Amino acid sequence: MPSRNPLPGAGSERILYLRAKRAGTWPVSLQLQRAEHMPADERRMTVTVT
């Protein structure tokens, strides 16, 4: 998906959908590697499903 940022060279956006199978609190870790020779960016969050 293209970025909403109008500046040249702006990064793109990624939208991920998670489907919950049951209620609870779950840790989520995401990694995005932009190129083979670059280290991956990592994001961690906690998702609470009610």
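Predicted model: local features only at pLDDT ≥ 70, side-chain atom pairs only at ≥ 80, totals over all residues.
The overall picture comes first. The chain has 50 residues, and 2% of them count as buried. Its secondary structure consists of two strands and zero helices. The accessible surface amounts to about 5100 Å², and carbon and sulfur atoms account for 53% of that area. Contacts along the chain can also be sorted by how far apart the partners lie in sequence.

The next feature to look for is the largest pocket, with a volume of about 400 Å³. Its lining is made up of 13 residues, and those closest to the pocket centre are Arg 14, Leu 16, Leu 30, Leu 32 and Arg 43. By type, the lining residues fall into seven nonpolar, four charged and two polar. Both strands take part: E1, covering 24-32, and E2, covering 41-49, each contribute at least two residues to the lining. Strand E1 gives the most, with four residues.

Gln 33 sits in the loop between E1 and E2. The relative accessible area of Gln 33 is 45%, so this residue is classed as partly exposed, a label that applies between the cut-offs of 20% and 50%. When neighbours within four places in sequence are left aside, Gln 33 is in contact with Met 38 and Ala 40.

Terms used:
Residues numbered from 1 in each chain as written. Heavy atoms only, no water. Buried < 20%, exposed > 50% of the residue type's maximum accessible area, 1.4 Å probe, protein only. Areas by Shrake-Rupley, 256 points an atom, 1.4 Å probe, with all protein chains shown as cover. 1 Å grid on protein atoms, 1.4 Å probe; cavity = no way out; pocket = protein on both sides within 12 Å on 5 of 7 lines; lining within 4 Å. Points joined across faces, edges and corners; volume = space filled by probe spheres on them. Nonpolar A, V, L, I, M, F, W, Y, C, P; charged D, E, K, R; others polar. Contact = heavy atoms within 4.5 Å.
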